[in-house]
Amino acid sequence: MAKPSPNSSLYQLIAAGQLAHKALLVPLKERGLEPGDDALLFELGRSGTTEQELAETLGLPFEMLEPRLIRLIDRDLIDRRAVGPELVPGVALTERGIRIRNSLADHWAQLEEALLGELKPKHRKRFGQILRRFTDLLQF
């Protein structure tokens, strides 16, 4: 069996993933947000939704989501309001929440560009497919 090498692609992938994760946390911490808040803001950026649907989409039990929602409501990032065509009670981003969500998305896009900027669109797509296949293989 070969000894793991810092020059191996797997080693570089792990290092890049860890550093990218840290880099994505920087704008969260700067805004007083917690890891995972970005996923919630990104999901609500598509449209408002009910709290239960949001919990299901994020794969969280509602009991775990509720304290986060309350914290983000207190920070004026989301608010409770009628959502959807039937105007059911739900949550949606506030204007401040939209600005912060957009700022986080810009940061994400900059990191993505740093990773893939030298690749042509065809190679970017292929690289994404390779990573998706690899992660699928590793999941049980």
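Student: What should I know about the model before I read any values from it?

Tutor: The model is predicted, and local features need pLDDT of at least 70, side-chain atom pairs count only at pLDDT 80 or more, and totals for chains, interfaces and linings use all residues. Residues are numbered from 1 along each chain as its sequence is written, and side-chain values use heavy atoms, with hydrogens and water left out.

Student: How many helices and strands are there in the protein, and which pattern do they follow along the sequence?

Tutor: Helices (H or I, at least four residues) and strands (E, at least two) are DSSP runs, numbered from the N terminus. Here the protein has 6 helices and 2 strands, and reading along the sequence gives the pattern α-α-α-α-β-β-α-α.

Student: What does the radius of gyration say about the protein?

Tutor: The radius of gyration is taken over C-alpha atoms, and the rule for a globule is 2.2 Å times the number of residues to the power 0.38. For a compact globule of 140 residues the radius would be near 14 Å, but this protein has 18 Å. The C-alpha trace, laid along its principal axes, spans about 55 × 30 × 30 Å.

Student: What share of the residues in the protein is buried?

Tutor: A residue is called buried under 20% relative accessible area, exposed over 50%, and partly exposed in between, using a 1.4 Å probe and protein chains only. Of the 140 residues in the protein, 24% are buried.

Student: How many salt bridges does the model hold, and where can I look at one within a helix?

Tutor: A salt bridge is a side-chain nitrogen of Lys or Arg within 4 Å of a carboxyl oxygen of Asp or Glu, and by this rule the count is 8. Look at Arg 46 and Glu 43, whose side chains meet in a salt bridge at 3.0 Å from N to O. Both belong to helix α2 (residues 37-46), and because they are 3 residues apart there, about one helical turn separates them. Arg 46 counts as exposed at 61% relative accessibility, whereas Glu 43 is partly exposed at 23%.

Student: Which residue forms a salt bridge with Asp 79?

Tutor: Asp 79 pairs with Arg 81, and their closest N and O atoms are 2.8 Å apart. Asp 79 is partly exposed, with a relative accessible area of 26%, and Arg 81 is also partly exposed, with 36%.

Student: Which helices hold Arg 124 and Glu 113?

Tutor: The side chains of Arg 124 and Glu 113 form a salt bridge of 3.1 Å, N to O. Arg 124 lies in helix α6 (residues 121-138) and Glu 113 in helix α5 (residues 95-116), so the pair ties together parts that are 11 residues apart in sequence. Arg 124 is partly exposed at 27% relative accessible area, and Glu 113 counts as partly exposed at 42%.

Student: Is Asp 37 buried or exposed, and which residues is it in contact with?

Tutor: Asp 37 lies in helix α2 and counts as buried, at 0% relative accessibility. Contact means heavy atoms within 4.5 Å, and, leaving aside neighbours within four places in sequence, Asp 37 is in contact with Arg 68, Arg 71 and Leu 72. The C-alpha atoms of Asp 37 and Arg 68 are separated by 7.8 Å, although these residues are 31 residues apart along the chain.
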